[in-house]
Amino acid sequence: MNLTPVSVKFDIGDGRIVTIETGKLARQADGAVTVRLGNAILLATVVAAKEPKPGQSFFPLTVDYMEKFASAGRIPGSFFKREGRLSDSEVLISRLIDRALRPLFPDDYLCEVQVLVTLISSDPEVMPDALACLAASAALAVSDVPIQEIISEVRVARVGGSLVVNPNRSQLATADMDFIIAATDKNIMMVEGESKECQEEDLIAAIETGHAAIKIQVKAQQELHALVGSPAKRAIEAPHKNEELKAKITAFAKDKIYKVAKAALGKHERTDAFKAIGEELKVFLGEELPEEDKPLVKEYLHDLEKEVVRNMILDDKVRLDGRALDEVRPLAMEVDYLPSPHGAALFTRGETQSLTTVTLGTGDDELLIESAAVSNYSKFILHYNFPPFSTGEVKMMRGPGRREVGHGNLAMRSLKQMMPGSDYAYTVRVVSDILESNGSSSMATVCAGSLALMDAGVPLPKHVSGVAMGLIARPSDNKWAVLTDILGDEDHLGDMDFKVTGTRDGICGIQMDIKVDGLSMDVMRAALEQAQRGRLHIIDAMYQCIDKARTEPKPHAPRMEKIVIDREFIGAVIGPGGKIIQEIQRTTGTTINIEEVGETGEVSIFSAQAEGLQKALEWVKGIVAIPEVGETYESTVKSIMPYGAFVEFMPGKQGLLHISEVSWKRLDDLEGVLNEGDVIKVKLVGTDPKTGKFKLSRKVLLPKPEGYVEREERDDRGGDRGFRGGDRRDDRGRGGRDDRGGRGGDRRDDRGFRGGDRRDDRAPREDRGPRTNEDRFNNRPSDAPAQQDGPVFDGPSFDE
């Protein structure tokens, strides 16, 4: 058994080495390679059927990209704990590979081909999508499956003002341009990406940088093919042709097709007219055609339609719907179209229409985007739906397919460039339902999405619009034409279709597929310049519809406030077991999300009612506020004790209002003075240095009674009387209990028990009435020292 692999290496830039290897894994596939960069390894396999299926009339290519969670040492989070259907991210990468590979196969090749690319080892810093198409092309290169050229794909990003090929993940996070480019060593084939309002020349520079890197990768694949000694490519049986039949069809139908093409009919009228020509052709040809010639009739008629329409556009400068080459179809748009959604817009361009809604949600509504390497949450979601009635067809509704995922992603990336940053607490979901389609429904989604976001009060600084462009080129006389706002039929018959989105100041997104060889950069510059004019024409109409975002959400949309607190206060807001935050939400009817960001906590509060929102906001602010000694606070009495009242003077902060600090008048209890739930004003007069407990006073906010005299502080308490633990114990017998007969011994005999004779002499307390300072003054002996007015501390200290 020989498991010795064959490999080639090349420098991808900055000393990073890519290794392509074959001959060790998946040896029963028609072609199999691994591509490695750092610790990231992708396995690509290709298998092709030996014969086409009977009656096969199209090329069945299937491309799937998959990420194994084991590649990053993770277990999937699904119920079954195994990988399921492809995620949206995997679908998007599969589409990138498919669009680049499909043009490589000969037109007459109809055998089923399956290409699988699997991430089997992950590197947290390596973006595997930039290597996936390289792996797929290398697998085809070492196989016997017939392809016409070798290709590759690279990512080009602008990081810190410099263009970087295949940047690592941390570099990409700071990039303001991000494009995936596919090409052969001679021609650009596909471009897709996003940017923060880059200029057309910036895009051209990125394409040229990417193409230079691709040439190195194509050369490495050619070296691998030579080292392996790959088998010859499979022979393709030439399909049956009948030039006489082709000429006969051309003579009969050419003028009829031209007449319909130039009639500027609507989509369905034009389709019916072309169909009628086909029926007439069948009658003209009769039923005596040989069986092998019957499939050729439809093929030759379709090719003739394509040729006639292309020549009409190039020679007559007239398009199928009668427009000029750079003319945008009629526009109609309105916002606030639906009463219940938080934002809504209806955008119509010719026969393409999008009804788009915006929903504002909380942090609980964020979307988890999970891949093998990373898991992130997204606060901006865009979904695109393409029901069959939009094209007048009957089809099964089986959920969004790859086309819907791809179109929605292009619109999402374009609008994302203008979305507010992390300080905007709402989770925003945009849904575009295509109600009519005849060309570029994804660009209608961008325009309708921008309008709906502003209608919802999302603070977009600028509108984003998009336009789909086409190119028709005739190599025989080097004649070409760029078409603005292409129809569905023009998309099908053109040599390049590209979609460009952006603001008035630059490009936000692009998706480009080039079907013609040798497209010069001059032609691409002209196409981009014409696309800019079309984009600006549409955006001007959008500003006339709504020129800026509404200042606040609609009345039925949730309100939101966001405050930033110190990280140390997050626990205080949440409370033990979530008690505090749950109480706030229950009491105010709000939803609160807290996210730790660095040294701070971001508290987002959502509510449909402004009153509840404001109450919750003040509550949180009170929790994180720092009490200041000397400040006056409006407080609520929480509980009454014999020695005072506990009051909440700030949300979540309580202190003891001692009975001596309630009033200037001496109080024995608080009955009739304070009750639980009373709202009173208190002043923070200090904190206990040992415990940190708050000392509050109400009386300092009340006027002093007339004639009130402050009690003097006595400094000789321990002098004349002696220290409590010294001679006094000896004199009174406290030092030795035997002399006193215990605590109740001699002392009781000399002085009388407190509940005994003394009470008899003075009468019971309840018969004497409340004891006041005045009573105490009038009843004392004449030789007693003067008693000062003022509070007497009969309760516990502040420590209690």
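Predicted model: local features only at pLDDT ≥ 70, side-chain atom pairs only at ≥ 80, totals over all residues.

Q: How many helices and strands does the protein have?
A: Helices (H or I, at least four residues) and strands (E, at least two) are DSSP runs, numbered from the N terminus. Here there are 20 helices and 29 strands.

Q: What share of the residues counts as buried?
A: Buried means under 20% relative accessible area, exposed means over 50%, and partly exposed lies in between (1.4 Å probe, protein chains only). In this protein, 47% of the 800 residues count as buried.

Q: Which strands form the open sheet, and in what order?
A: Strands of a sheet pair through backbone hydrogen bonds, either parallel or antiparallel. Two strands count as paired if DSSP finds at least two bridges between them. In this case eight strands form an open sheet with antiparallel pairing, in the order 8-7-9-10-21-20-18-19. Strand 8 (162–165) and strand 19 (479–484) are the edges, each pairing on one side only. From one strand to the next, the twist averages 15°. Within the order, strand 10 (residues 188–198) pairs with strand 21 (residues 506–514) over six bridges, and Glu194 stands opposite Gly509 in strand 21.

Q: Where is there a hairpin?
A: Strand 28 and strand 29 form one, with six residues between them. Gly692 in the turn has a positive phi of about 80°. Four bridges join strand 28 to strand 29 (residues 694–697), and Gly686 stands opposite Lys695. Strand 28 (residues 679–687) is also joined, by five bridges, to strand 25 (residues 632–641), and these two run antiparallel. There, Tyr633 has Val682 as its bridge partner.

Q: At what angle do helix 4 and helix 11 cross?
A: Axes are lines fitted to C-alpha atoms, for helices over the stretch in contact, and angles run from 0 to 180 degrees between N-to-C directions. The axes of helix 4 (residues 200–228) and helix 11 (residues 521–545) come within 10 Å and cross at roughly 145°. Contact means heavy atoms within 4.5 Å. Among the residues that make the contact are Leu203 and Ile207 of helix 4 and Met524 and Leu528 of helix 11.

Q: Which residues touch the most other members of the largest nonpolar core?
A: A nonpolar core is a set of buried Ala, Val, Leu, Ile, Met, Phe, Trp, Tyr and Cys residues joined through side-chain atoms within 4.5 Å. The largest one has 93 residues, and Val428, Leu453, Val458 and Phe498 touch the most other members. Helix 11 gives this core its largest share, 10 residues. Apart from it lies another core of 51 residues, including Tyr109 and Cys133.

Q: Is Ser604 buried or exposed?
A: Ser604 counts as buried because its relative accessible area is 7%. This residue is found in strand 24 (residues 600–607). Not counting residues up to four places away in sequence, Ser604 touches Ala425, Glu561, Lys562, Thr591, Ile592 and Asn593.

Notes
Residues numbered from 1 in each chain as written. Heavy atoms only, no water.
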